[in-house]
Amino acid sequence: MGRGEERARAGTEGALAVRSALVNKIIDVSCVDGPGNRTAIFFQGCNFRCEYCHNPETIEVCRHCGVCVSGCPAGALSMAGGKVAWDEGKCVACDRCIEVCPYSASPRVKEMTAEQVARRIEANRPFIRGVTVSGGECSLQRDFLLELFPLVREMGLTTLMDSNGGLPL
């Protein structure tokens with residue numbers, strides 16, 4: 001289940017799978033995504049198509065059609081190996097890529113493991129009470145969250161899900 005991929009850890013026989021998820025953005029310190037200051041993690045992809053969606057750019061997953069590449073005024077997008085590649089260092093967050101995309105999807109996503117996300121959260125720990133996951137639809141990333149949430153709780157932080165409730169957990 002989920003948009004993340006499972007892959008074996010390199011070089012180890014019979015190792016546990018590493019799950020990754022498509023992360024649209026991480027807000028390091030948010031005061032509107034739950035009680036107290038929190039790190040908010042927004043995943044890409046949703047199973048609903050709500051007209052009133054607060055984050056409509058997170059609904060669809062990039063299909064790598066490349067339309068956005070020529071639409072990017074900063075040159076932050078390119079095609080590499082048949083996929084849209086995003087250079088975060090060049091990006092000016094103008095959202096032109098989303099405006100020109102025929103699917104209204106954001107190409108500005110990162111495939112991240114639970115450990116990578118946890119390291120980002122750890123840097124915020126002195127300033128936050130917990131972590132909120134949203135999207136898109138965070139429950140599409142169920143298996144990823146089963147890896148991430150224990151790591152977050154080990155830091156002494158709380159975890160919340162902002163979900164549409166459309167999938168069984």
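Before I go on, two housekeeping points. This is a predicted model, where local features need pLDDT of at least 70 and side-chain atom pairs count only at pLDDT 80 or more, while totals for chains, interfaces and linings use all residues. Residues are numbered from 1 along each chain as its sequence is written, and side-chain values use heavy atoms, with hydrogens and water left out.

Back to Glu 88. Which residue does the side chain of Glu 88 meet in a salt bridge? That's Lys 110, at 2.8 Å from N to O. By salt bridge I mean a side-chain nitrogen of Lys or Arg within 4 Å of a carboxyl oxygen of Asp or Glu. Glu 88 sits in the loop between strand 5 (83–86) and helix 2, and Lys 110 is in strand 6, so the pair ties together parts that are 22 residues apart in sequence. Helices (H or I, at least four residues) and strands (E, at least two) are DSSP runs here, numbered from the N terminus. Lys 110 is partly exposed too, at 29% relative accessibility.

Another one is between Glu 147 and Arg 19, with the closest N and O atoms 2.8 Å apart. That pair links distant parts of the chain: Glu 147 is in helix 4, Arg 19 is in strand 2, and they're 128 residues apart. Glu 147 is buried, at 18%, while Arg 19 is partly exposed, at 22%.

For a local example, take Arg 96 and Glu 99, whose side chains meet at 3.4 Å, N to O. They're three residues apart in helix 2, so about one helical turn separates them. Arg 96 is partly exposed at 37%, and Glu 99 is exposed at 54%. There's also a network: salt bridges with shared partners join Arg 19, Arg 142, Asp 143 and Glu 147.

Now the inside. A nonpolar core is a set of buried Ala, Val, Leu, Ile, Met, Phe, Trp, Tyr and Cys residues joined through side-chain atoms within 4.5 Å. The largest one has 21 residues, and Ile 41, Phe 43, Ile 121 and Leu 148 have the most contacts inside it. Which helix gives the most to this core? Helix 4, with five residues. Leaving aside neighbours within four places in sequence, Ile 121 is in contact (heavy atoms within 4.5 Å) with residues including Thr 39, Ile 41, Val 131 and Leu 148. A second, separate core of eight residues includes Cys 68, Val 84, Cys 97 and Ile 98.

His 64 isn't a glycine, yet has a positive phi of about 60°. You'll find His 64 in the loop between strand 3 (38–43) and helix 1 (67–71). Ser 104 also has a positive phi, near 55°, and lies in the loop between helix 2 (96–100) and strand 6 (110–113). And the peptide bond from Gly 135 to Gly 136 is cis, with omega near 25°. Gly 136 is in the loop between strand 7 (130–134) and helix 4 (142–154).

How values were computed. Buried < 20%, exposed > 50% of the residue type's maximum accessible area, 1.4 Å probe, protein only.
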